[in-house]
Amino acid sequence: MLLSLSISAAFLMEALDSTIIVSAIPAIAANFGVQALRVNLAISLYLVTLAAMIPASGWLADRFGAKRVFLWAMAGFMVTSIVAALSQSLEMLVGMRVLQAVAGAFMTPVGRLLLIRAAPKEQLAAAIAWMSMPTLIGPVLGPLVGGYIVTYADWRWIFAVKMPFGIAGIIYAARLLPADDAGVAHRFDVIGFSFCALFLGATQLVLDQLVHVSLPLPAIVALVVIMPMAGGSFLVHARRSAKPALDLSLLKLRLFNIGFFAGGLSRIGFNALPFLLQLQLQIGFGWSAAHAGSVVFIVAAGALVLKPLMRRVLARFGFRTTLVGNALIGAAATAALGFATPQTPLAVIVMLVFVFGLNRSLQFNTTNTLLFADIPKERQSASTSLGGVGQQLSMGLGISIAAVLVAQLQNLGVTAPASAMSCAIFIIAGLTALSGLYFLKLDPADGAAVSHHRAVLQRS
């Protein structure tokens, strides 16, 4: 558990960093004397760089040692965070955010790889549950902490608040992680990485434009053209390369394939609701940002409560029943929140948010465990790179789809913000339910060595 928690410090820093800055945009703009719209560069370029650099993480871990890369990436993330806090201009802040993203792109996939290598298969589910906790808490904790910091202190503290977690993580990871094996010297796929980075970067920027248009039309058109060209070029190149930047042949492994695609669809729905709920409570119901943030943060409470229960749930029901049933229950909780109105008792909203938090945590942890349940050791680094890219894109898609749904519903005549957001929540509930049906492709016995599914083990 200590090893999982030390690695999870990296995930918490990255998850906080992706969301906490949103609350500080007006304060940063006022401090630097620029329009708030320009500060969006510090967010969009961070996400673009993060997505584009992830494919290099597996090669770096193989070449220089996963432990070494992880510790240097954590240290680099912390140093660039401190310099970002000391920025004297928007240009300097954006530059530090890009360097932070480079460190983050190496930090989290390599941390996941280290845990997969260190944890015995029978303990993998519990280890991933502890490691994944920050990715569940960070997106709802960031806006809450950021809002209070900006309200009661200087915005620069949003970059410093992560430092204690990083220091503790480095100390314990350095002590607990086993020494690196000798590095594997194989050629880095520069061509494939370039195509992959172009595709992922363009995709992330297009997703960003769906949420908030910040680029001129010719640039958006160019990005839309680059996406299929770069993606198609990478597919052609990957078929010919022995060691491609992203090993798409992993998708031929049935459990990885289901975890990647069904898990991605599931993440879209489960990541979209906290975003929509925050808007609904503030804009639709007229709540304050602090009040709304406090209620949405209850999602994290569900994640905390689930930790001691996850192993029992998996052992009792197995991957198939857990993922299908939990997705349907999560969809029902999502739809129920869509029916909420300003007159709905606070206790009812809190209860529904808490249940949703349980569902979200169980689905993410179980999907992450399924993804790596049958990966051969020699392909673990490649699997964490491809899995990391899928998770990054699905998280961005969740927020983008939610924002586009609200905008388009209002364009179609659903003019009341509360009504548009409720309709969007219902659609997201449908996507979540659809992901549950995708998990029906699993067999009851799949992953039993990891889940300890009692019914299967007793029969064998």
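**Helices, burial and contacts in a predicted model**

Val355 is located in helix H16, which covers residues 346-371; helices (H or I, at least four residues) and strands (E, at least two) are DSSP runs, numbered from the N terminus. The model is predicted, and local features therefore need pLDDT of at least 70, side-chain atom pairs count only at pLDDT 80 or more, and totals for chains, interfaces and linings use all residues. Residues are numbered from 1 along each chain as its sequence is written, and side-chain values use heavy atoms, with hydrogens and water left out.

With a relative accessible area of 30%, Val355 is partly exposed; in these terms buried means under 20% relative accessible area, exposed over 50%, and partly exposed in between (1.4 Å probe, protein chains only). The C-alpha atom of Val355 is separated by 9.4 Å from that of Ile298, 57 residues apart along the chain. Helix H16 also holds Leu352, which counts as buried because its relative accessibility is 16%. When residues up to four places away in sequence are not counted, Leu352 touches Ala333, Ala336 and Leu337, a contact being defined by heavy atoms within 4.5 Å. Between Leu352 and Thr334, 18 residues apart in sequence, the C-alpha to C-alpha distance is 8.1 Å.

At the level of the whole fold, the protein chain contains 20 helices and 0 strands. For 460 residues, a compact globule would have a radius of gyration near 23 Å, and the 21 Å found for the protein chain agrees with this; the radius is taken over C-alpha atoms, and the globule rule is 2.2 Å times the number of residues to the power 0.38. The C-alpha trace spans about 55 × 50 × 45 Å along its principal axes. Of the 460 residues, 55% count as buried. Among contacts in the protein chain with a separation of 6 or more, 84% are accounted for by residues 24 or more positions apart.

The chain exposes about 18800 Å², of which carbon and sulfur atoms supply 69%; accessible areas come from the Shrake-Rupley method with a 1.4 Å probe, and for residues only the protein chains shown count as cover. There are 29 positive and 15 negative side chains, and the centres of the two sets lie 5 Å apart. Lys and Arg count as positive and Asp and Glu as negative, whereas His and the chain ends are not counted; each charge is placed at NZ of Lys, CZ of Arg, CG of Asp or CD of Glu.

Helix H7 (residues 90-118) is largely enclosed by the rest of the structure, because 21 of its 29 residues are buried. At 1.5 Å a residue, H7 should span 42 Å, and its end C-alpha atoms are 41 Å apart, which agrees; the expected span is 1.5 Å times one less than the number of residues. The 24 residues of H12 should likewise span 34 Å, in agreement with the 36 Å between its end C-alpha atoms. The buried residues of H12 are Ile220, Leu223, Ala230, Gly231, Phe234, His237 and Ala238.

Thr384 belongs to helix H17 (residues 380-411) and counts as buried because its relative accessibility is 2%. Apart from neighbours within four places in sequence, Thr384 is in contact with Pro109, Arg112, Leu113, Ile116 and Phe372. Ala242, by contrast, is found in the loop between helix H12 (217-240) and helix H13 (254-284), and its 78% relative accessibility is why it counts as exposed. The C-alpha atoms of Ala242 and Pro342, 100 residues apart along the chain, are separated by 58 Å.
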